[in-house]
Amino acid sequence: MISARTAENFNALMHKLESESRLIMGVTCAFKKGGHKGFAAFSSNEGHERWRYSQKVKYFIEKFGQEVKLGTIPEAKTTYASPVEALASIYGADMEIRNLIKVGIKLANEDEDYEAAYYMLKIGKMMLHEVNEVDNVMKMVKNSGGTPEGLSRVDYWLYKEYYEDHDHEHKKYDYYGYNPCGK
Ligand SMILES: [Fe+2]
């Protein structure tokens, strides 16, 4: 058993991860509309990863015999002023998730839910990697000068890295049927 508070924190984390995965699919849509197929490959990959993490959290909730309460997931915005703004929205959501995890671990330890705290820590480690990954792409955009030529160089690199060179799971663009761009 875990405390009601820990169960609530797991449910909040699952909700936030699912919401972020949708937000990122909206970002992917914006990149595709802007002709940035490398950025789109990158963000689609990230959207799938956040969704996969949400499923891990769901598994933990079930493992502890608690009720899975997902609630309503907001529809994703599909228009951004610039690639920088779109990337910043992913970064911001990642940081919110990291904060939820930070507080979740602290409270789970207080309630002596050590196994739950350990699982949160595992998700936290994965999110640390994700935040760094998004931060690196933001730095690449900054270093490119943000000009159309600079952005297209970054876009090309991302396309090679996230589409051509690796068999990333984002190649299935319409994960769990959610694709705000339509077909
Ligand atoms: Fe990632």
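How are H3 and H4 oriented to each other, roughly parallel or roughly antiparallel? The structure is a predicted model, in which local features need pLDDT of at least 70, side-chain atom pairs count only at pLDDT 80 or more, and totals for chains, interfaces and linings use all residues. Residues are numbered from 1 along each chain as its sequence is written.

Helix H3 (residues 83-110) and helix H4 (residues 114-143) pack at an angle of about 160°, their axes being 9 Å apart. H3 and H4 are therefore roughly antiparallel to each other (over 145 degrees; under 35 counts as roughly parallel, 65 to 115 as roughly perpendicular and the rest as oblique). Their crossing is left-handed, the near helix being turned anticlockwise from the far one by less than a right angle. By class, the contact of H3 with H4 comprises 22 nonpolar, three polar and four charged residues.

For helix H2 (residues 37-63) and helix H5 (residues 148-164), the axes come within 7 Å and cross at roughly 40°. This angle makes H2 oblique to H5. The crossing of H2 and H5 is likewise left-handed. On the H2 side, Lys37, Gly38, Phe39, Ala41, Phe42 and Asn45 meet H5 residues including Trp157 and Tyr163 (contact requires C-beta atoms, placed from the backbone, within 7 Å). Nine nonpolar, two polar and two charged residues make up the contact of H2 with H5.

Gly146 lies in the loop between H4 and H5. With 13 other C-beta atoms within 10 Å, Gly146 is partly exposed (20 or more would count as buried, 12 or fewer as exposed). Beyond residues up to four places away in sequence, Gly146 touches Val84, Val141 and Leu151.

Key. Axes fitted to C-alpha atoms, helices over the stretch in contact; angles between N-to-C directions. Helix = DSSP H or I, 4+ residues; strand = E, 2+ residues; numbered from the N terminus. Contact = placed C-beta atoms within 7 Å. Nonpolar A, V, L, I, M, F, W, Y, C, P; charged D, E, K, R; others polar.
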